[in-house]
Amino acid sequence: MTAIMRPPTLEQRHVVFLVCVVGIFITVFDTSSSIVALPTIAHEFGTDSWTAQWSSRQRPHDRALLVPMGRLSDVAGRKRIYVLGALIFAIGALAASWAPRSTA
């Protein structure tokens, strides 16, 4: 027996759109805040700007997780993995906000 799928309602489409927009905003915000912080990162670690930029350009951990997380989302569900990723990001952002500030 096959299930009959109804097309999504307008409200459901708006919720999906809002979730996607928030996810894109988080990605852009994360990248932008990293770029803005580069001079401070370079100063704190006593290095030049070029070396500090390497930390934001080279993210092998992002690429290394693409295939395993894709498979996990196939098994566990894309929505569940998306929400889990957003939750992990939020916890990390909260923890970063509690990090001690530099006085320099």
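This is a short talk on one protein chain, given as a predicted model.

Let me start with the fold. The chain has six helices and zero strands. Reading from the N terminus, the order is α-α-α-α-α-α.

Next, the surface. The chain has 104 residues, and 7% of them count as buried. The accessible area comes to about 9300 Å². Carbon and sulfur atoms supply 70% of that area.

Where does nonpolar surface gather into a patch? Four residues form one: Val15, Val19, Tyr82 and Val83. Together they have about 330 Å² of accessible area. Helix α1, residues 10-36, supplies at least two residues of the patch, and so does α6, residues 78-97.

Take Val83 from that group. Val83 sits in helix α6. Is Val83 buried, partly exposed or exposed? Its relative accessibility is 48%, so Val83 counts as partly exposed. The line for exposed is drawn at over 50%.

Now pockets. I'll take the second largest pocket. Its volume is about 340 Å³. The lining of this pocket consists of 13 residues. Nearest its centre lie Ser33, Gly92, Ala93, Ala96 and Ser97. Which elements give two or more residues to that lining? They are α1 and α6.

On to aromatic contacts. The count is one aromatic pair. Phe25 and Phe29 make up this pair, and it is stacked. The ring centres are 5.9 Å apart, with 20 degrees between the planes. Why stacked? Because planes under 30 degrees apart count as stacked.

Charges next. How many salt bridges does the count give? One. The partners are Asp74 and Arg78, whose side chains meet at 2.9 Å, N to O. What about their accessibility? Asp74 has a relative accessible area of 44%, so this residue is partly exposed. Arg78 reaches 59%, so this one is exposed.

Last stop, Trp54. This tryptophan lies in helix α3, residues 49-57. Is Trp54 buried or exposed? At 56% relative accessibility, Trp54 counts as exposed. One distance to note here involves Leu38. Trp54 and Leu38 are 16 residues apart in sequence. In space, the C-alpha to C-alpha distance between them is 9.8 Å.

To recap. Six helices, zero strands. A nonpolar patch of Val15, Val19, Tyr82 and Val83. A second largest pocket, with α1 and α6 each giving two or more residues to its lining. One aromatic pair, and one salt bridge. Please keep in mind that the model is predicted. That's it from me.

How values were computed:
Residues are numbered from 1 along each chain as its sequence is written. This is a predicted model: local features need pLDDT of at least 70, side-chain atom pairs count only at pLDDT 80 or more; totals for chains, interfaces and linings use all residues. Side-chain values use heavy atoms; hydrogens and water are left out. Patches are made of residues with over 30% relative accessible area and no salt bridge: like charges are joined within 9 Å, nonpolar side chains (Val, Leu, Ile, Met, Phe, Trp, Tyr) within 5 Å. Accessible areas come from the Shrake-Rupley method with a 1.4 Å probe; for residues, only the protein chains shown count as cover. Helices (H or I, at least four residues) and strands (E, at least two) are DSSP runs, numbered from the N terminus. Buried means under 20% relative accessible area, exposed over 50%, partly exposed in between (1.4 Å probe, protein chains only). Rings of Phe, Tyr and Trp (its six-membered ring) pair if their centres lie within 6.5 Å; planes under 30 degrees apart count as stacked, over 60 as edge-to-face and the rest as tilted. On a 1 Å grid over the protein atoms alone, a cavity is a set of points where a 1.4 Å probe fits but cannot get out, and a pocket is an open set with protein on both sides within 12 Å along at least five of seven lines; lining residues have an atom within 4 Å of a point. Grid points are joined across faces, edges and corners, and a volume is the space filled by probe spheres set on the points.
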